[in-house]
Amino acid sequence: MAIQSAASGSRRLSVNGMVEGTRAIRVLVIDDEKLIRWSFQEKLAPEGYEVLTAGTAEEGLALVEREGPDLVFLDIRLPGMNGLEALRKLRAIDDTCTVIMITAYATVDDAVEAMKQGARDFIKKPFDLNEVRALLAKVVEDINLRREVDRLRRRRGEPEGLGSVIGRAPTLRSILDMAETLARSETTTVLIEGESGTGKGLLARALHHQSARAQAPLIEINCTSLPENLVESEIMGHERGAFTDAHSTKRGLLELADGGTVVLDEIGEIPLAVQVKLLRCIEEKRFRRVGGLRDFEVDVRIIATTNRDLKGAVAAGRFREDLYFRLKVFPLLLPSLRQRREDIPLLSAHFVEQMNQRFTKSLKGISPAALQLMLSYEWPGNVRELRNVIERGVLLAQGDQILPTHLPAELQQHAQDAAADGHGQTMSLPPGGVALADVERRLIEEALTAAQGNQVRAAKMLKISRDTLRYRMKKFGL
């Protein structure tokens, strides 16, 4: 399943629906029948669940207080304190865990009372463990989503709104001003365009956290990683038996994000057949699960991102024109790093600090010579590439600064090529004139920087002899 969390990168779900890399789902079974407790333990533990059991309400409540289970199966008929009374006490201890009632004597009154107290569902004795698994799959999706939201809310010292987007360049600030207005609006669709690595995902998350939907779920869907035959099932969900492997009903990501935001990363990869249904969802706020017969209403903001020319895809028949114009109600075009070079020092300093914390280092920053190389580079990978370069530099640096030798070969080669053929050098005579000696000194300094102090290479760039270079270096006190 291609889901990304708001700030932690890719997070995959295992077969039973638990997020890989997180604590196992903790299940508590409170039932006076030993066989039922044993059945849950035998069937669920091998599937990755942590199973706790209790034979009485009192014992179960003690486990709730001590162990903090995610899900409780609670029998209504128990010796001593009954299940409904236990449910009330359980809610007083922990109002976040999911409770499913177990009963062989289901009545309307019991059901109504349990639902009033916050029970999610009922299962009847004797029950089929396959039905329990299907119910568990639904519950686990909600638990994992709640965990992710709680994790994000607990993060400290990391701005989540538009303040998390770093940059002062006018080309970026104008976009952020528009995004600020958009975050406060009721507009439900946004299209973020830009080259790969410009920060489209970061801006999408910032929009969510800046909006009135900030406390609701944020789900990111990487459309490029979803197999074409599973795209609709992942986004819309499916009913049991809808296709060969649909062994249980599955809630789609739109349904799970109800009230919040769905980010469709690289929306240009969605098949045309799914585009039709997505358009309907945007227009009518309704969708239908694969194999389903009834519609579900959903209130989500859809943020689509793309590094492709969607207008060209429309002309080529690969993207629906009506969906394109529906998404383009409020387009945001992120500038490339080449278009905001003045932000390179600011971004670099931020990434150095970030990597210092990650790798337990204490670099003070980037040397002037290394920064000069970075400012002259074209950055085809944009901010993502810059971050990777800084990560490499921090790991390689032995002193307190990133030096030119710590930068990748392509940055060094670019500077040498530019100096050798004159590319990147734009010269014009100011109205008030300029001292020729100042121009000469600056060119020599730049050549030495690009050549990392190698006088032979610097002289070659300037098309002068090494002796001439040394003479001029002495002349200018270099």
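1. A quick definition to start: a helix axis here is a line fitted to C-alpha atoms over the stretch in contact, and angles between axes run from 0 to 180 degrees, taken between N-to-C directions. Keep in mind, too, that this is a predicted model.

2. With that in hand, look at helix α6 (residues 170–184) and helix α7 (residues 200–210). Their axes come within 9 Å and cross at roughly 40°. That angle makes α6 oblique to α7, because angles under 35 degrees would count as roughly parallel and 65 to 115 as roughly perpendicular. The crossing of α6 past α7 is right-handed.

3. Which residues of α6 and α7 make the contact? On the α6 side they are I175, L176, A179, E180, L182 and A183, and on the α7 side L203, L207 and Q210. By type, the contact of α6 with α7 divides into 7 nonpolar residues, 1 polar and 1 charged.

4. Stepping back to the whole chain: there are 478 residues, and 48% of them are buried. The chain has 19 helices and 18 strands. Take the contacts in the chain with a separation of 6 or more, and 71% of them come from residues 24 or more positions apart.

5. One part to find on screen is an open sheet of 5 strands, with parallel pairing and the order β4-β3-β5-β6-β7. β4 (50–54) and β7 (121–124) are at the edges with a single partner strand each, so one side of each has no neighbour in the sheet. From one strand to the next, the twist averages 20°.

6. V29, for instance, has T53 in β4 as its bridge partner. Helix α1 (residues 34–44) lies across β3, β4, β5 (71–75), β6 (98–103) and β7, and runs at about 175° to β4.

7. Now for β15 (residues 301–306). Is this strand buried or exposed? Buried: 6 of its 6 residues are, so β15 is largely enclosed by the rest of the structure. Both faces are covered, with R301, I303 and T305 buried on one side and I302, A304 and T306 buried on the other.

8. Who are the partners of β15? Strand β8 (residues 189–193) pairs with β15 in the parallel sense over 5 bridges, and E193 has T306 as its bridge partner there. Strand β12 (residues 261–265) also runs parallel to β15, joined by 5 bridges.

Notes:
Residues numbered from 1 in each chain as written. Predicted model: local features only at pLDDT ≥ 70, side-chain atom pairs only at ≥ 80, totals over all residues. Heavy atoms only, no water. Pairing = 2+ DSSP bridges. Helix = DSSP H or I, 4+ residues; strand = E, 2+ residues; numbered from the N terminus. Contact = heavy atoms within 4.5 Å. Parallel < 35°, antiparallel > 145°, perpendicular 65-115°, else oblique. Left-handed = near helix turned anticlockwise from the far one by under 90°. Nonpolar A, V, L, I, M, F, W, Y, C, P; charged D, E, K, R; others polar. Buried < 20%, exposed > 50% of the residue type's maximum accessible area, 1.4 Å probe, protein only.
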